[in-house]
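Welcome! Here is a short briefing for anyone meeting this structure for the first time.

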Amino acid sequence: MLKLSVVPASYIDESPIGYTLRLAKSNGFRYINAMINKTIVNKIVKNQLSEFKFNDCKISHLYKENDSHIRNPLFKHNQAINPKVCLSCIFENKKISYYFQSPYSYLCTKHQCPLIDTCPHCKQSLSWELSLLDGNCTNPQCGFKLKQHSFIHPELTEKEDVSDCLLAGYLASNPATFFLTQTKWASHSSQLKLINDGYKLLNNKDVGQQWIKKLINNLPFYPKSFASIPFKILVKNINSADWPCIDIMKDALLKENSNKTNHECNLVTQAGVAMDLLGVDLFNLRQLNEKNLITIRNNERLTKKTLVDISNIIKKLRKLEYLPSMTPLSEQKSKMVFYDISPAKILISILNGELSAGYRPSTDLISSILIEPDELKNYAIKYFAKRLGNKVTLEQTKEMTGLPIKTLYNLKAKGILNTPSWYRPGCKHFCVFEDILKLRESLSDTQLSLNL
Ligand SMILES: [Zn+2]
Ligand SMILES: [Zn+2]
């Protein structure tokens, strides 16, 4: 317990740290650390010191939780640990409200003026120091009188919208974000600038288009589906889908093309995202890892959440020469279905040098990989032959023959499609691979209507 001679009364909505600053000032301290050490200051800021006492006065009654119903992927607790102040409140009674410690507070509701968290003179973030209570910059090298800044967005009244702006602002200033790391506290400095930048990104057409251009230029030789990861992170995590720029940015993603800058980042993202982009499963990802085509961050066990660097795949694909006789894999889907060969198998064969292909960045990976149709057909037939004796599910049989499930059951009843001989419960949903081949031969070309 700390004995102090002057113990002022607290204000109703005062923050514990704001009160502590006032207490230090009333007792003649020049710096907060002359009264209590940094660790205690940090704990008060994070509301972790409920039993802390000054004389007989506890500050626990000042602890309140802010906006617990809002979720932002950038931090776990809705508690900002850097100061934000309203200069009018400061001049009136040196009060720093606990509302201002919500990461989503950007206005003082009493004075209707924007909060400040950065010195307009030295551009440094403010810190919990006594000079705050005089309306001065807390940087000892500066000490400049703080001034109100001008941005205010009258439409921005809902906390959920401010949360969207905060995330958008973070992505606007970090356009090479391919995964988010959640911190425990809202510890980003200059949150008000982030909110303002995010508001512009979500509302201003030019700002939105410029950002998309940046995303595409960050990954110049990648399919657009890869370059658009930061945009997908934004769309997935915002509370409202009604921001005017979302559709504009979607359009820009289709239209913008990379200007092939030399600047290029490495693409590190969660394995789950990589699987979607590459069209592979976890088993394939392990195969790619064995060939050093992906790198697992921190040598973790590979799960969907593990961070993986997939840049080497694109580096290798980029070396493949594209010839005019080649056709995008996306236009040869029917062949892949007919021979029951997955894009993942094809990708791995290309990367292993077993199948020749070309590469030309397009919307997604499957349309960026090009193969000569005959080359793919020969490769597929060879792969197909290796699978004789395999079992195939009814769903796959439906894809491979183009026949409805009901017809397939009838054919099973007639003995045209057989259940594998090692019958076990559940196996009646499987067919013998050779039966499917025979069935396909007996069906006319028109029925199959496959472009081969
Ligand atoms: Zn105020
Ligand atoms: Zn300053």
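The notes below cover a helix, a sheet and a pair of helices. Please keep in mind that this is a predicted model.

**Helix H16**

- Helix H16 covers residues 373–385, 13 residues in total, and reaches 18 Å from its first C-alpha to its last, close to the 18 Å expected at 1.5 Å a residue.
- Three of its residues to look for are Leu376, Tyr379 and Ala380, which are buried.
- Looking down the axis of H16, you will find the buried residues within an arc of 100°, so they line one face of the helix.
- An α-helix has 3.6 residues a turn, so residues three or four places apart point the same way.
- Turned away from the buried side of H16 is a face with the exposed residues Asp374, Asn378, Ile381, Lys382 and Ala385.
- The cover over the buried residues of H16 includes helix H13 (333–338) and strand S10 (369–371).

**The sheet around S10**

- Strand S10 also belongs to an open sheet of three strands, with the order S8-S10-S9 and antiparallel pairing.
- Strands S8 (327–328) and S9 (358–359) are at the edges with a single partner strand each, so one side of each has no neighbour in the sheet.
- Two bridges join S8 and S10 in the antiparallel sense, and Pro328 stands opposite Leu370 in S10.

**Helices H4 and H5**

- Helix H4 (residues 159–173) and helix H5 (residues 191–203) have axes that come within 6 Å and cross at roughly 90°.

Conventions
Residues numbered from 1 in each chain as written. Chains lettered and ligands numbered in written order. Predicted model: local features only at pLDDT ≥ 70, side-chain atom pairs only at ≥ 80, totals over all residues. Helix = DSSP H or I, 4+ residues; strand = E, 2+ residues; numbered from the N terminus. Expected span 1.5 Å × (residues − 1). Buried ≥ 20, exposed ≤ 12 C-beta atoms within 10 Å, placed from the backbone. Arc of directions from axis to C-beta. Contact = placed C-beta atoms within 7 Å. Pairing = 2+ DSSP bridges. Axes fitted to C-alpha atoms, helices over the stretch in contact; angles between N-to-C directions.
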